[in-house]
Amino acid sequence: MFAIFGGCGAWGLLAVGLFATQALVTSTYGTTSGKFGWLYGGGLEQLGVQFIGVFVIAAWTCGMNWVVLLLIKICRCGAWRALSVHPEERWGRSPSSRRRERPSMAGSATPIAGI
């Protein structure tokens, strides 16, 4: 998931700080006073702002995931509890007790006469 959404999203943010041209900033925001990409003479200020954006988004995502997982752990509702219960508690017996015992073959053979 991170390689798709996190990595590509971070690259998209950082690419703006690297490649934003004056023409793109003017056509998007309608002003020429905006910051441009580092490779187009805009300095490192816009790239720094984009790095801060990547950090803030990553911190928000990690924080929200932590809250959701904590709530799931606290609630232990329905399906989550069913998945975490040991089979003996779920069905009243262990999975190994459901196996049928094979009858022993020792001593059950009848001797063949004449051999």
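This is a predicted model: local features need pLDDT of at least 70, side-chain atom pairs count only at pLDDT 80 or more; totals for chains, interfaces and linings use all residues.
**Stop 1: the whole chain.** Start with a cartoon view. Now colour by accessibility: of the 115 residues in the chain, 13% are buried.

**Stop 2: the largest pocket.** Select Phe2, Gly6, Ile57, Ala58 and Thr61. The pocket here has a volume of about 310 Å³, and those five are the closest to its centre among the 13 residues that line it.

Stop 3: Next, select Val16, Phe19, Ala20, Leu24, Val25, Thr28, Tyr29, Lys35 and Gln46, which line the second largest pocket. Helix 1 and helix 2 (22–29) are the elements that give two or more residues to this lining, and helix 2 gives the most, with 4 residues. The space inside comes to about 150 Å³. By class, this lining has 6 nonpolar, 2 polar and 1 charged residues.

**Stop 4: the salt bridge.** Which kind of contact do the side chains of Lys35 and Glu45 meet in? They form a salt bridge, at 3.4 Å from N to O, and the count for the model is 1 salt bridge. The pair links distant parts of the chain, 10 residues apart: Lys35 sits in the loop between helix 2 and helix 3, while Glu45 belongs to helix 3. In general, side chains of opposite charge can pair when their charged atoms come close.

Are these two partners buried or partly exposed? Lys35 counts as partly exposed because its relative accessible area is 41%, and Glu45 is also partly exposed, at 48%.

**Stop 5: the nonpolar patch.** Finally, switch to a surface view and select Trp60, Met64, Trp66, Val67, Leu70, Leu71 and Ile74. Together they make a nonpolar surface patch of about 760 Å². Zoom in on Trp66, which lies in helix 3 (residues 45–75). Why does Trp66 count as exposed? Its relative accessibility is 57%, and the exposed class covers values over 50%.

Definitions and conventions. Residues are numbered from 1 along each chain as its sequence is written. Side-chain values use heavy atoms; hydrogens and water are left out. Patches are made of residues with over 30% relative accessible area and no salt bridge: like charges are joined within 9 Å, nonpolar side chains (Val, Leu, Ile, Met, Phe, Trp, Tyr) within 5 Å. Accessible areas come from the Shrake-Rupley method with a 1.4 Å probe; for residues, only the protein chains shown count as cover. A salt bridge is a side-chain nitrogen of Lys or Arg within 4 Å of a carboxyl oxygen of Asp or Glu. Buried means under 20% relative accessible area, exposed over 50%, partly exposed in between (1.4 Å probe, protein chains only). On a 1 Å grid over the protein atoms alone, a cavity is a set of points where a 1.4 Å probe fits but cannot get out, and a pocket is an open set with protein on both sides within 12 Å along at least five of seven lines; lining residues have an atom within 4 Å of a point. Grid points are joined across faces, edges and corners, and a volume is the space filled by probe spheres set on the points. Ala, Val, Leu, Ile, Met, Phe, Trp, Tyr, Cys and Pro count as nonpolar, Asp, Glu, Lys and Arg as charged, and the others, Gly among them, as polar.
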